[in-house]
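Trainee: Could you walk me through this model, one question at a time? I would like to see how each answer is reached.

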Amino acid sequence: MKEPRNQATQKIIKTFAIIAVLFAVISITAAPALGNDNNDDEVNFIIPEHGYTVDYYRSYGEPIIQASIVGDPEFKRGEIAGLQVKIVNKGYIEGFKRLNGDQGGDNSTEELLALAELEEEEECTTTKDLKATLVSETEYIEVDPVTSVQDVEEIETGHTQTLRFTIKIDGDTPAGNYELLLPVSYEYQANVRTVTPEVINLGLTNTEFTREYKTKNTVLSLPVSIESEPKFEVTEVSGNLKQGETQVVEVSYTNTREITAEDAMARIIVMSPLSTEKSIVRLGDIGPGESKTALFEISADQDAVVKKYGIDSEIKYIDEEGETSFSENLKVNVPLEASEKKISITGIAIVLIILIALYQIINMHRKRNQNNENSSGDDNE
């Protein structure tokens with residue numbers, strides 16, 4: 001009675017041992033993703049390769065990624081710009097190599113399997129899971145970290161994808177050419193293998209191919225330039241303001257950049273309690289490093305507060321392309337002094353009236369006293 005029970009127990013143990021060995025083989029043998037006819041997604045199972053797949057063809061080719069800036073790559077100082085970068089895949093297949101199969105008739109089962117694998121091999125030039133990161137190696141150009149990393153799921157050969165970044169140009173950036181870097185990482189299909197019927201022993205169905213992917217990293221260059229343009233600074237202010245008076249203030253403007261500002265005009269913007277009858281002064285051409293002085297007549301109200309006033313000014317000029325341009329706001333700091341204390345005509349008149357009144361009173365009092373003295377002398381006689 002014990003022997004049949006022992007045999008059943010041994011069969012159960014043997015079955016579990018086979019299953020354990022099978023899972024051990026699966027866990028230690030790495031194979032690429034499987035192709036699935038039911039949908040286009042890749043099924044990420046790990047299966048043993050040898051004995052379960054056949055490699056009929058090997059393709060020679062991979063993606064070739066290039067990048068360029070869409071539109072004008074020239075920017076202005078102080079500009080916050082949206083940068084559009086076009087990614088194009090120019091990959092091509094150099095050829096195929098037959099590895100296995102008897103190459104019987106075109107209608108043979110094995111030949112049909114080989115041709116099916118050959119068709120799948122054509123995807124070797126398609127990028128997968130592309131990640132691009134825009135990097136600036138100069139302190140003058142800053143890449144917005146929110147937009148610095150862009151992902152693209154897939155780019156087939158001959159197709160393009162536009163990436164959008166945001167950059168900020170420093171206001172003191174020297175004119176000239178700069179280079180932005182675009183490190184790109186992506187995967188591509190390196191090989192396809194045809195699954196044999198034995199794969200059903202692993203419990204996998206509707207699976208025809210396994211795919212091997214490789215990762216490639218490359219750094220693309222994006223040239224940009226910062227346009228040349230004049231830049232102005234207020235380098236000297238002479239003169240001051242006085243309450244209730246009109247004073248001449250001299251303002252010197254210097255072109256600190258490398259391009260001449262043609263037909264330049266300086267303009268000030270004053271507000272109450274200040275005013276001016278002529279707010280624009282022509283300066284003429286201002287070359288690189290050259291200074292020009294503008295004279296402004298500025299009036300201050302009598303009750304203007306005594307302090308230093310910041311007057312806004314700007315330079316209007318003609319740029320290299322013959323277009324009218326304006327400088328940034330240039331602050332002109334001018335002190336206002338208190339006026340000298342003077343007695344007005346009305347005050348003088350009041351003082352004279354008072355003095356005359358006092359004189360009349362004193363004179364009347366003196367005459368009265370004299371009359372009283374004369375009266376007393378007549379009585380004594």
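Trainee: In which strand is the place of Asp263?
Mentor: Before we start, this is a predicted model, so to speak: local features need pLDDT of at least 70, side-chain atom pairs count only at pLDDT 80 or more, and totals for chains, interfaces and linings use all residues. Residues are numbered from 1 along each chain as its sequence is written, and side-chain values use heavy atoms, with hydrogens and water left out. Helices (H or I, at least four residues) and strands (E, at least two) are DSSP runs, numbered from the N terminus. By that naming, Asp263 has its place in strand E18.

Trainee: What is phi of Asp263 near, and is Asp263 buried or partly exposed?
Mentor: Most residues other than glycine have a negative phi. Asp263 is partly exposed because its relative accessibility is 37%; buried means under 20% relative accessible area, exposed over 50%, and partly exposed in between, with a 1.4 Å probe and protein chains only. Its phi is positive although Asp263 is a residue other than glycine, with a value near 50°.

Trainee: Asp129 also has a positive phi; what is its relative accessibility?
Mentor: Asp129 is not a glycine, yet its phi is about 50°. Its place is in strand E8, residues 127–133. Asp129 counts as exposed because its relative accessibility is 52%.

Trainee: Which peptide bond is cis?
Mentor: Look in the loop between strand E18 (261–269) and E19, where Pro273 has its place. Omega is near 15° for the cis bond from Ser272 to Pro273.

Trainee: In what order do the four strands of the open sheet lie?
Mentor: Two strands pair if DSSP finds at least two bridges between them. Strands E15 (232–238) and E19 (274–275) are at the edges, each pairing on one side only. The pairing is antiparallel, and the order is E15-E17-E21-E19.

Trainee: How far does helix H2 reach from its first C-alpha to its last?
Mentor: H2 covers residues 109–121, which is 13 residues. The expected span is 1.5 Å times one less than the number of residues. That gives an expected 18 Å, and the helix is close to it at 19 Å.

Trainee: What is the relative accessible area of Glu121?
Mentor: Glu121 lies in helix H2. It touches Asp55, Tyr57, Arg58, Ser59, Phe96, Gln189, Asn191 and Val192, not counting residues up to four places away in sequence; contact means heavy atoms within 4.5 Å. Glu121 is buried because its relative accessible area is 0%.

Trainee: Which side chain makes a polar contact with the side chain of Gln189?
Mentor: Gln189 is in strand E13 and counts as buried, because its relative accessibility is 2%. A polar contact is a pair of N or O atoms within 3.5 Å; within protein, one must be able to donate a hydrogen and the other to accept it, and residues adjacent in sequence count only if both atoms are side-chain atoms. The Gln189 side chain reaches the backbone oxygen of Glu120 at 2.8 Å. The side-chain partner, at 2.9 Å, is Arg211.
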